[in-house]
Structure formats: structure tokens, C-alpha cells
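Hi,

Here is the structure I promised to pass on. Have a look at it first, then read my notes below.

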Amino acid sequence: MRTRSDHGHELIPRPEKTPEALRAAIAALAAIAPDRLEKMQAEKDEAFAKAVEWQSVTPVQSWVLIWAREIEIARRPDLSTRYADAKSNLEHEDPTTAQEALRELSAVLDEALKAVRA
């Protein structure tokens, strides 16, 4: 596992892009974000079913990337806080606040995805 400290404290190190490392990260995710595990499992099952149906590994690759991004957000309190704050304002009665929340949520997702692709 590797980690970068340029963004502050991390709850768990960023996993390498191997099945073993991702399994370990998912186990760690259970400790720091248990509310996300049920969704992750359902999406994994769907990805594997599509992979069989389509005879392609693309759905599984997409699932791995999406969940690497989710782990990145969960393991970094800076991103996790920004993510939660943005999500809480998505349906704000003030359209400007809701629009800013959408921009912030997009920025968090982009930053996390960029980090896991590095």
C-alpha cells in the first residue's frame, strides 16, 4: 500500500491496484465507512453479472475504478468531509447553494479519481 500526505491525514493507506490490496482496503472500509458496504456489494454483483452477460471484463474494471474512488474518499477525512457537506446541500432550497454543492461534489469525485489513477 502506498500513501501521499500532501492532502493531510489518511485513515488508511491508498491500496495498490491489485485484488489482494483492494480486498484489504474494502475490509478497512468496513471499519471507517460501513454504510457504504451494502451498496458496494450490490454494485460488485451487478458488475460481475454484466461481465458474464457481455463476455467482457469492462464492467468489473469500471467497478474497481469506482470503488477505488470511493475508498479514496472514505480514507481521507478532507475529501470525506467535503463529500458529505456537498451531498447534504444538493437539494437545498436555495438554487445557488444546490448548484455550488453539485460543483463541489463533482470536484471531490474528480480529485479522488485523479488520485487513484496516479
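The cover over the buried residues of α5 includes α3 and α4 (77-88). Contact here means heavy atoms within 4.5 Å, and buried means under 20% relative accessible area with a 1.4 Å probe, counting protein chains only (exposed is over 50%, partly exposed in between). The buried residues in α5 are Ala98, Ala101, Leu105, Val108, Ala112, Ala115 and Val116.

Before going further, some ground rules. This is a predicted model, so local features need pLDDT of at least 70 and side-chain atom pairs count only at pLDDT 80 or more, while totals for chains, interfaces and linings use all residues. Residues are numbered from 1 along each chain as its sequence is written, and side-chain values use heavy atoms, leaving out hydrogens and water.

Now the overall picture. The chain has five helices and zero strands, giving the pattern α-α-α-α-α along the sequence. Helices (H or I, at least four residues) and strands (E, at least two) are DSSP runs, numbered from the N terminus. The C-alpha atoms fill a box of roughly 45 × 35 × 25 Å along the principal axes, and 32% of the 118 residues are buried. Take the contacts between residues at least 6 apart in sequence: 55% of them join residues at least 24 apart.

Back to the helices. α5 (residues 95-117) has 23 residues and reaches 33 Å from first C-alpha to last, close to the 33 Å expected at 1.5 Å a residue. The expected span is 1.5 Å times one less than the number of residues. Buried residues in α3 include Trp63, Trp67, Ile71, Ile73 and Ala74.

The largest one has 11 residues: Ile12, Ala25, Ile26, Leu29, Ala33, Met40, Ala47, Trp63, Trp67, Ile71 and Ala74. α1 (19-32), α2 (37-54) and α3 each give two or more residues to this core, and α3 gives the most, with four. A second, separate core of seven residues includes Ile73, Ala86, Leu105 and Val108.

Cheers

Definitions and conventions
A nonpolar core is a set of buried Ala, Val, Leu, Ile, Met, Phe, Trp, Tyr and Cys residues joined through side-chain atoms within 4.5 Å.
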